[in-house]
Amino acid sequence: MENRGQSFSVLNCIDLSSPDIHKSVSLLKQACLDSGFFYVINHGISQEFMDEVFAQSKMFFTLPLSEKMKHLRNEKHRGYTPVLDEVLDPENQVNGDYKEGYYIGVEVPENDPKSEKPFYGPNVWPTADRLPGWRQTMEKFHQEALEVAKAVARIIALALDLERDFFDKPEMLGEPIATLRLLHYEGGNQIEGQISDPLKGIYGAGAHSDYGLITLLATDDVLGLQICKDKDARPQTWEYVAPLKGAFIVNLGDMLERWSNCIFKSTLHRVLVHGPERYSIAYFVEPSHDCLVECLPTCKSDKNPPKFPPVKCGTYLTQRYKDTHADLNLYTEHQARKNLP
Ligand code: OGA
Ligand code: NI
C-alpha cells in the first residue's frame, strides 16, 4: 500500500550569494531537520556551463550500447553503468534501476601511490575523437561542484554549532572522495515496461538514501524525483521534488546522519519514470578514505549517547557500493559467452 497522490514537497532555498549568513544557516537547519532536502541557488556555476555538461552527457548516452560498453565501469567505480546494473532497493524492485550512468571520480594517475586506494585511480574517458571536449567539461564541472559542496558544508557546520571550516580539514573535504555521476533514465512506454510502477516493483531508481556527506543534484525539467520524509510511516508518503532551473537539489547522506547522531537525517528518495526520458547529474561528496566518521562533539550528551560506532569512510563506502551494484564478473562472463564460436 502506498499513497499515490501527486503532492509536491516545498523545499527551502539557500542563496549561496547571500551576505546574510544567519538566514542561510537558519533556512538550512530547518530544511535538514524537516526533509533533509533543499535547493541551492546562485552557486557560481553558470547556466551556460550546466547546459554544456548536460549536452555532453547526452552525447555519451546517445552512443550505441556496444560503444558505451567499452567504457564499462571498473573495480574503482569509474565508467559506464548499464541499465539494471544497480539495484538500490532489492526488497521492492523486480529487476533493477531503469537508468544508465557514468561515474567520474577524482583523477589519480596510476603511478601515484594513492591510486592503491579504493575509489581512487585514473578515470575512464571516452576518446577525444569520439567526444571532443568531453573530458575537459567533466573535469571542470568536478572542480566547480566541489567548491559548491564546500560552501554548503560550511553552512552545515554552522548549523551543527561547529567551526565554519570543520569539513574543510584535509581528511574531510580537503582530500575528498567526490564522485560525479551522469544519469540517464531511458523513458519509454507501457509495452516496453520501463515506465515506473511501484505496485509492480519497477522504478527508474529504487528507494535509497545516499551514502556520504551531501549530494548535489542537477536535473533537467522532467519530473521524477520523489522523497519520503518518514521512512517508518506505513503507508509511506512520497512527494515530488520539482526541478528548479539553475538550482542544485541538495540532500544529506548517511555519513552526515551518523556524524550528527541522527539530528540531521538522510532522507529516502527514488525516481519514477513516467514516459519521457530524463537526464540528471549527481555529485556525491564524501570525505577522505581514512576519515573516521564518528559522532560530533556537539551532537552527543550523557542523555543522548552516540547511536553508531565510528566507521572509516573508505570501509563504509566499499560495503555500500558492493551491496547495490552488480558483480563485475557477470559482464565478463556475458562477454565470454557472446564470443563463443
Ligand atoms: C542518485 C539519485 C536522483 C535523480 O543518483 O543517488 O538519487 O534524480 N538520483 O537522478
Ligand atoms: Ni540518491
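An oxygen atom of ligand 1 lies 3.0 Å from an N or O atom in the side chain of His-269. The protein buries 95% of the 290 Å² that ligand 1 exposes when taken alone. The model is predicted, and every value here is computed from it.

An N or O atom in the His-208 side chain is 3.0 Å from a ligand 1 oxygen. For the side chain of Asp-210, the distance from an N or O atom to an oxygen of ligand 1 is 3.2 Å.

Now widen the view to the whole shell. Ligand 1 is surrounded by Leu-183, Tyr-185, His-208, Asp-210, Leu-217, His-269, Val-271, Arg-278, Ser-280 and Phe-284. Which strands each supply at least two residues of this shell? They are strand 6 (177-185), strand 13 (268-271) and strand 14 (278-286). Strand 14 gives the most, with 3 residues. As for its location, ligand 1 sits in the largest cavity.

Next, turn to Cys-228. This residue is found in strand 9, which spans residues 225-228. Is Cys-228 buried or exposed? Its relative accessibility is 2%, so Cys-228 counts as buried, the cut-off being under 20%. Leaving aside residues up to four places away in sequence, Cys-228 touches Gln-236, Thr-237, Trp-238, Thr-267 and Leu-268. Trp-238 is 10 residues from Cys-228 along the chain, and their C-alpha atoms are separated by 4.8 Å.

Glu-86 comes next. It lies in the loop between strand 4 and strand 5 (99-104). Glu-86 is buried because its relative accessible area is 4%. What does the side chain of Glu-86 make a polar contact with? The partner is the side chain of Lys-99, at 3.0 Å. Beyond residues up to four places away in sequence, Glu-86 touches Gly-96, Asp-97, Lys-99, Tyr-103, Arg-181, Tyr-211, Thr-324 and His-325.

Tyr-103 leads on to His-77. Tyr-103 is among the residues that Glu-86 touches, and His-77 touches Tyr-103 as well. His-77 has its place in the loop between helix 3 (65-69) and strand 4 (79-81). With a relative accessible area of 15%, His-77 is therefore buried.

How values were computed:
Residues numbered from 1 in each chain as written. Chains lettered and ligands numbered in written order. Predicted model: local features only at pLDDT ≥ 70, side-chain atom pairs only at ≥ 80, totals over all residues. Heavy atoms only, no water. Helix = DSSP H or I, 4+ residues; strand = E, 2+ residues; numbered from the N terminus. Buried < 20%, exposed > 50% of the residue type's maximum accessible area, 1.4 Å probe, protein only. Contact = heavy atoms within 4.5 Å. Near = heavy atom within 4 Å. Polar contact = N/O pair within 3.5 Å; in protein donor to acceptor, adjacent residues only side chain to side chain. Areas by Shrake-Rupley, 256 points an atom, 1.4 Å probe, with all protein chains shown as cover. 1 Å grid on protein atoms, 1.4 Å probe; cavity = no way out; pocket = protein on both sides within 12 Å on 5 of 7 lines; lining within 4 Å. Sits in = over half its atoms within 2 Å of the grid points.
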